[in-house]
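Here are a few notes to read with the model open beside you. Take them one at a time and find each spot as you go.

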Amino acid sequence: MKFLKMHMVGCALLMGALPAFAQVSTSLSAAPGGWLVTPAEAREFKGEEGFNEQPALRPRALMPQIDILKPEVLADTKVKAPFAISVLFKGQSDAAIDPSTFKVLYGTFKVDITGRITKYVKVTKEGFALEGAQIPSGKHRLTMQVMDEKQRVAERELRLEVE
């Protein structure tokens with residue numbers, strides 16, 4: 001039975017049925033000048049195309065949550081860089097958030113820019129606050145992910161237009 005389960009998982013992996021949390025393979029090193037995403041990377045990784053893409057549907061279940069407190073992005077609202085990003089994590093009563101699993105993915109290609117944020121802030125079980133986020137003008141999509149101690153994934157997108 002154990003072999004059958006491992007075989008089924010292996011087949012799912014070969015068929016591309018990886019969870020969104022495991023699909024990231026590219027990670028970026030630090031950017032000059034404190035940029036989270038440089039203007040060249042925004043073009044290269046198709047930030048605007050990612051902004052326009054429909055969000056993935058996630059199953060509703062007992063899972064952790066990510067609340068974005070800042071910036072307050074409403075329809076037709078633009079932010080000016082640098083701006084603040086403030087995020088609150090909410091675990092379920094049966095499992096706390098594991099801050100070591102936090103990731104921030106950028107654009108259509110979901111490039112990992114986590115290190116560029118964690119360089120400036122400490123991510124805790126409660127979340128984080130970053131002052132002075134630098135992103136070039138244009139439309140951008142940041143996907144934030146975190147898991148709880150039962151390895152349930154919370155995912156939240158921050159779509160914003162920077163002036």
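1. Start with Pro82, which sits in the loop between E2 and E3. This is a predicted model, and in it the peptide bond from Ala81 to Pro82 is cis, with omega near -5°. There's another proline to look up as well: Pro71, in the loop between E1 and E2. A cis peptide bond joins Lys70 and Pro71, and its omega is about -5°.

2. Now for the strands around those loops. E1, E3 and E6 make an open sheet of three strands, in the order E1-E3-E6, and the pairing is antiparallel. Strand E1 (65–70) and strand E6 (127–133) are at the edges with a single partner strand each, so one side of each has no neighbour in the sheet. From one strand to the next, the twist averages 20°.

3. Ile68 is a handy place to look, with Val87 in E3 as its bridge partner.

4. The other sheet to look at is an open one of five strands, ordered E2-E8-E7-E4-E5, and here the pairing is mixed. Its edge strands are E2 (78–79) and E5 (111–112), each of which pairs on one side only. E2 runs parallel to strand E8 (residues 153–162), and two bridges join them. Lys78 has Glu161 of E8 as its bridge partner, while Val79 has Val162.

5. On its other pairing, E8 meets strand E7 (residues 138–148) in the antiparallel sense, over ten bridges. One spot to check is Arg141, whose bridge partner in E8 is Arg159. Is E8 enclosed or open to the outside? Eight of its ten residues are buried, so E8 is largely enclosed by the rest of the structure.

6. E7 and E8 also form a hairpin, with four residues between them. Gln151 counts as exposed because its relative accessibility is 59%, and the cut-off for exposed is over 50%.

7. Finally, compare that with Lys110, in the loop between strand E4 (97–106) and E5. Lys110 isn't a glycine, yet it has a positive phi of about 50°. Is Lys110 buried or exposed? It counts as buried, because its relative accessibility is 18% and buried means under 20%.

Methods: Residues are numbered from 1 along each chain as its sequence is written. This is a predicted model: local features need pLDDT of at least 70, side-chain atom pairs count only at pLDDT 80 or more; totals for chains, interfaces and linings use all residues. Side-chain values use heavy atoms; hydrogens and water are left out. Two strands pair if DSSP finds at least two bridges between them. Axes are lines fitted to C-alpha atoms, for helices over the stretch in contact, and angles run from 0 to 180 degrees between N-to-C directions. Buried means under 20% relative accessible area, exposed over 50%, partly exposed in between (1.4 Å probe, protein chains only).
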